[in-house]
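Dear colleague,

Please find the structure below, handed over for your records.

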Amino acid sequence: MNANAADAKTLSSIATSVRTLSMDGVQAANSGHPGLPMGVAELGAVLYANILKHNPANPAWPGRDRFVLSAGHGSMFLYSLLHLSGYDLPLDELKKFRQLGSLTPGHPEYGHTAGVETTTGPLGAGISNAVGMAIAETMMAARFNTAEHRIIDNYTYALAGDGCMMEGISSEAASLAGHLKLGKLIVFYDSNRITIEGDTALAFTEDVAARYRAYGWQTLECSAYDTDGIQKLVAQAKAEGGKPTLITVNSTIGYGSPNKQGSHDVHGAPLGPDEVVATRRNLGIAEDAEFYIDPAATGFFAARKADFQAADDAWRSLFESWRKANPDKAAQWDAFFSGNAAALAAGADMPGYAVGDSVATRASGGKALNAMARVFDNLVGGSADLAPSNKSDMAGAGDYGADDRGGRNLHFGVREHAMGGIVNGIALYGGLKAYAATFLVFADYMRPAIRLAALMNLPVTYIFTHDSIFVGEDGPTHQPVEHAASLRIIPNLTVLRPADGEEVNESWRLAMSSENRPTALLLTRQNLTSFEKADPDWKANFPRGAYVARDCDGAPEYVIAATGSELGIALEAAETAAAAGRKVRVISVPCREAFFRQDDAYRASLIPANAAVVSVEAGVRSGWDQLGGKYLGHVGIDTFGASGPAKAVAEHFGLSAEAILTKLGIAGV
Ligand SMILES: Cc1ncc(C[n+]2csc(CCOP(=O)(O)OP(=O)(O)O)c2C)c(N)n1
Ligand SMILES: [Mg+2]
């Protein structure tokens, strides 16, 4: 323990300040959650004063410990501690808790408030992020540490509540963390036995610690108010080394509020003016002292500032001597953090295709991934047990595991939701690029994590194969119909459905070039034929979401807009119509929403206002009617699919060139 560490009395002054700030912030907003911050204020004090290796003056310091508030509703816990310990979060911002434009939104938002490591609020998700961060730490350590210089050496802490422990995602993530022996992951479980509806006895009576032991964790337990005990248990967690640790802290929700503590009334509502006063009295401070901060807390962190800076400086000098001693590793480090992804992606040696080549886009996707993996040493990822089907393995890149932290292929097991949260955590850690793979139909199992990636501007990549009814025999449970549409409505998510190997290459280029948004790649199980592109600049136009795949002389009377595997029947229909003298254009729309964002001029250059327009995609119509022109309808599937050989299923649902011609009103030409 550092000689300048806070003693019990100082910790108590910090805890009191966390209680008052949280209580008053929630009261001022007239909304929010005082229960958690008040209940575990001592834990917060110990963490921010004595346990965390951090530097409030430099929140992005790569050597820092990570702290994840998985129980995001307790955001005032985090804001109080960030303010008290010296992060750039003025008291005025705490007074504007939950107000529009403040740095203190209702739930912690990554990229918005300094010191917030991830966006939390959806319960349990934070634990999966913490597992991802702990995985990333081991990966980075394996790549960069030397016997002499351990430049990567941090712990990942998380605070979870009863709700986090009930959610399935935390079970998936914790199970994997135990399997992977993530010894530098320490999760505090705030066991106050209260959730919104009341006592946890209503719905949650399992032995959480026993469950975590079964996952392969070390489990420890103490009172939330025993600051010495907490510090001893953290030391014990660190000493274990080979297992993640769950520290159950038994607490009383809303501790300090004489009439409301221990009750679900204090979970998510202001204490009310009378109880605020009663609480101040109980805490021994002036009844009218709004946003009271104990001077001992301020004094402590003012004095501690130099220590925090010194740790950062010591790391910096370690890093510099490591850099000098290891020029190759230093060059790789620079590449990991360079931010010139677009240039790197452009330089990848992508597989080539000739017109007429017949390849499933999952297969060309696997080749493109491997081409990218050769350029991006920092690319890591894997599948939820479907790698052979997803074609998502990086050849020769090793399997990540407890015995090989240098491996780049992750095996998530059948845990899609945790997989989504873990790749978010890996991306948040810094330095690494991550992808996750499964069948498109199971994107629903990871949707909340995809949404959070989009919200956090994380450039992760999703490989979603088996993207339509052409899955065939597995039947409607495995045949996505609404999934492309439902992913497209997530803001800030790029959804790409490439139509042949060349389009797959461009899709991967876009995905890897992204700095601030996730990308979903929708790929086929079945073979698709590479086609000649009419637009000589199609690669340049690809990021605009659509380009001319087949054209006619002069202005088109008809435009067929198709994606992915349906380009084939669109081209076939156009062929037939053209032979009958009709002017038909086919546009490939690999990214519909990107096309919708283009200016009118570009959109009209592809779809003239007076052209008859039909969309074609083996999925629901939703959204396609915004294409422009004279929209006549969608050739797709608006019901669930059916089990049968793919060709028979497609015929059954009328997914054909004839159906397109019929929709255009030129059947039988
Ligand atoms: C996935 C998800 N479901 C529901 C909620 C709504 N919610 C917020 S807090 C909460 C209860 C959490 O109880 P606990 O974790 O024990 O927190 P405490 O009441 O102890 O502060 C619920 C259901 C949520 N934030 N996320
Ligand atoms: Mg609780």
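**Strand pairing and helix packing**

Strands β9 and β11 pair in the parallel sense over 5 bridges; two strands are taken to pair if DSSP finds at least two bridges between them. Helices (H or I, at least four residues) and strands (E, at least two) are DSSP runs, numbered from the N terminus. This is a predicted model, in which local features need pLDDT of at least 70 and side-chain atom pairs count only at pLDDT 80 or more, while totals for chains, interfaces and linings use all residues. Residues are numbered from 1 along each chain as its sequence is written, chains are lettered from A and ligands numbered from 1 in the order in which they are written, and side-chain values use heavy atoms, with hydrogens and water left out.

Strand β9 (residues 379-383) is mostly covered, with 5 of its 5 residues buried; buried means under 20% relative accessible area, exposed over 50%, and partly exposed in between (1.4 Å probe, protein chains only). Both faces are covered: Leu379, Gly381 and Ser383 on one side of β9, and Val380 and Gly382 on the other, are all buried.

These pairings belong to an open sheet of 6 strands in the order β10-β9-β11-β12-β14-β13, with parallel pairing. β10 (409-411) and β13 (494-496) stand at the edges with a single partner strand each, so one side of each is left without a neighbour in the sheet. From one strand to the next, the twist averages 20°. Axes here are lines fitted to C-alpha atoms, for helices over the stretch in contact, and angles run from 0 to 180 degrees between N-to-C directions.

Within the sheet, β11 (residues 433-439) and β12 (residues 461-465) pair in the parallel sense over 5 bridges, and Phe439 stands opposite Thr465 in β12. Helix α18 (residues 443-455) lies across β11 and β12, running at about 160° to β12.

Two helix contacts share α3. The axes of α1 (residues 8-29) and α3 come within 8 Å and cross at roughly 120°. That makes α1 oblique to α3, where angles under 35 degrees count as roughly parallel, over 145 as roughly antiparallel, 65 to 115 as roughly perpendicular and the rest as oblique. Leu11, Ile14, Ala15, Val18 and Arg19 in α1 meet Ala41, Glu42, Ala45, Val46, Ala49 and Asn50 in α3, contact meaning heavy atoms within 4.5 Å.

The axes of α3 (residues 41-51) and α10 (residues 227-240) come within 10 Å and cross at roughly 55°; α3 and α10 are therefore oblique to each other. Here Glu42, Leu43, Val46, Asn50 and Ile51 in α3 meet Thr227, Ile230, Gln231 and Val234 in α10.

Finally, Pro608 is placed in the loop between α24 (600-606) and β19 (612-616). Pro608 is buried, with a relative accessible area of 16%. Leaving aside residues up to four places away in sequence, Pro608 touches Pro556, Val559, Arg585 and Gly629. The C-alpha atoms of Pro608 and Gly365, 243 residues apart along the chain, are separated by 33 Å.

With kind regards
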